[in-house]
Amino acid sequence: MSAPARPPRPRQSSRPRWGLRIATGVAALVLLAAGVGHLLVAELESGIHRVDAFGGLDDRPVDSDRGVNFLLVGTDGRDKITRAQKRRYRLGGAPCHCTDTMMLVHLSADRDRASVVSLPRDSYARIPAYTTPSGRVRPAHPQKLNAAYAEGGPSLTVRTVEHMTRVHIDHYLEVDFTSFMKTVDVVGGVTVCTTRPLKDRYTGLNLPAGTHALDGGQALQYVRSRHLDGAADLGRIRRQQRFLAAVIHQVTGSGTLLNPVKFGRVAATLLGSVRADRGFGAADMVALGQAMRGFTVESSEFVSVPVRLPGTPVKGLGSTLRWDRVRAARLFRALRQDRPLAVRRPERLRATLVDVPPSQVRVQVFNGTHTTGLARRTQRALRAGGFATVGAPADAASQGVRHTLIEYDPIWNRSVRSLAAALPGARLKPVARQGSVMRVTLGTDFRAVHPVRAEDPTAERGAAKAVTGAEVACP
């Protein structure tokens, strides 16, 4: 028994995707054997809203057939939500009819890895020449990346991204505010954690430090907030990545991909509330779900396109983010070649989350015990853990110290918590005007340096460091 007929797929490559077609057939047979396959596929297919994302495209990158690339676009859909939701989630104002979020998602050929590349919406872009619906030819021109959608919809957005990345996009998925909230609710909410309070008066987000289970509306506030710190949109991108890692953890940990009924419920909500290209059908969704049954949060990896900071002002556009050409080219080349972006470090998974990255904490170690070489070994361990060790380790004035002590200038009261997490049980002593270097005196109670990791491991300015989902999800 075969799956229902699908709408014709735009011509994208001269080579048939036999692997995906075979997987689609296998997935359909598995579900049919469970007694729900035909009904599920037919119901999902009828609920998909279609867009022409590939019509009229030319000068496209070569389709390497190494994995599948999705362009995932989040649009400003505040015109579709209720007045009560607008008030509660602070979604007032007129919709901009532009993209609020844009991500390039690469599923590896063997379906055991998902690479998510965030494309900053304020990226400086050169919109390719195109013909308007009225027949007027508009030449290529500079613009912010998120304006491509406002000018020419999904097709011009795909074309612009392909020209900037040289990555062939196979499928287009578009999510608005309403569909986002529905999808989060149907998976049972998503758990996020934060080492410091998050409060944004623009979105209404107000989360104390700790772990929180968010429903759809709260999740929307979380991923939209960009006024929490000086990182603005880049900080928001990192929170979106952490949120996606949490979604993957929720879906894979709850057995959704293994349960046809659960999978059908989630898939129906997702496909019934998003817009997709004409070539992405329900059978493809089912095939992917079946192929990714062994997928876990460790299977995902996240990175943002490296940019040059500060932003570059452009007349008529405002401040824009210029991509670092060398590092961006390296990133997209790895994507085209289906290579992993992140280095897997299993030992980091048991590390304690901290607010301030260890690389921003300067520390010097002194030995307050009679154990020869202890300061040198400890300072080496702190350096291996990412801390900025300074000076040479030395003996303290006294070798009879019982309790490990961290002396620090009170202005570094946030940074000292990262060091204290690496030295469990250490006592803290504020010392006015000590300066930027923290002084650690090891006592006889010291055992070992505990691994820590920044809640935001890509916080360095313009960083292009890829991290696994396990590194950004809650411990």
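Is Phe180 buried or exposed? With a relative accessibility of 19%, Phe180 counts as buried, where buried means under 20% relative accessible area, exposed over 50% and partly exposed in between, for a 1.4 Å probe and protein chains only.

The model is a predicted one, in which local features need pLDDT of at least 70 and side-chain atom pairs count only at pLDDT 80 or more, while totals for chains, interfaces and linings use all residues. Residues are numbered from 1 along each chain as its sequence is written, and side-chain values use heavy atoms, with hydrogens and water left out. The score pLDDT is the predictor's confidence in each residue, from 0 to 100. The protein averages a pLDDT of 81, and 78% of the residues score at least 70. Over residues 1-36 pLDDT stays under 50; for that stretch the model has 58 contacts beyond four places in sequence, a contact being heavy atoms within 4.5 Å.

The aromatic rings come next. The structure holds 4 aromatic pairs. Rings of Phe, Tyr and Trp (its six-membered ring) pair if their centres lie within 6.5 Å; planes under 30 degrees apart count as stacked, over 60 as edge-to-face and the rest as tilted. The planes of Phe70 and Phe280 stand at 85°, with ring centres 5.7 Å apart, so this pair is edge-to-face. Phe70 belongs to strand β2 (residues 68-75) and Phe280 to the loop between β14 (275-277) and α9 (282-291), so the pair ties together parts that are 210 residues apart in sequence. Helices (H or I, at least four residues) and strands (E, at least two) are DSSP runs, numbered from the N terminus. Phe70 is buried at a relative accessible area of 7%, and Phe280 is buried at 2%.

Phe180 and Phe243 form a tilted aromatic pair, 5.6 Å centre to centre with 40° between the planes. Because Phe180 lies in helix α5 (residues 177-186) and Phe243 in helix α7 (residues 232-253), the pair ties together parts that are 63 residues apart in sequence. Phe243 counts as buried, at 3% relative accessibility. Ring pairs also bring in Tyr222, linking Phe180, Tyr222 and Phe243 into a cluster.

Two arginines lie over ring faces: Arg322 over Tyr124, at 3.8 Å from the ring centre, and Arg439 over Phe366, at 3.9 Å from the ring centre. A charge sits over a ring if NZ of Lys or CZ of Arg is within 6 Å of the ring centre and within 35 degrees of the ring normal.

Helix α4 (residues 147-165) contains Thr160. Of the 19 residues of α4, 14 are buried, so the helix is largely enclosed by the rest of the structure. Thr160 is buried, with a relative accessible area of 0%. Leaving aside neighbours within four places in sequence, the contacts of Thr160 include Ala125, Ile127 and Leu145. A bend of about 130° occurs in α4 at Gly153, and Pro154 follows within four residues; the bend at a residue is the angle between axes fitted to the seven residues ending there and the seven starting there. Just after α4, Arg166 takes a positive phi of about 60°.

Backbone geometry also marks other places. Asp59, in the loop between β1 (49-51) and β2, has a positive phi near 50° and counts as exposed at 51% relative accessibility. A cis peptide bond, with omega about 0°, joins Leu309 and Pro310; Pro310 is in strand β16 (residues 307-314).
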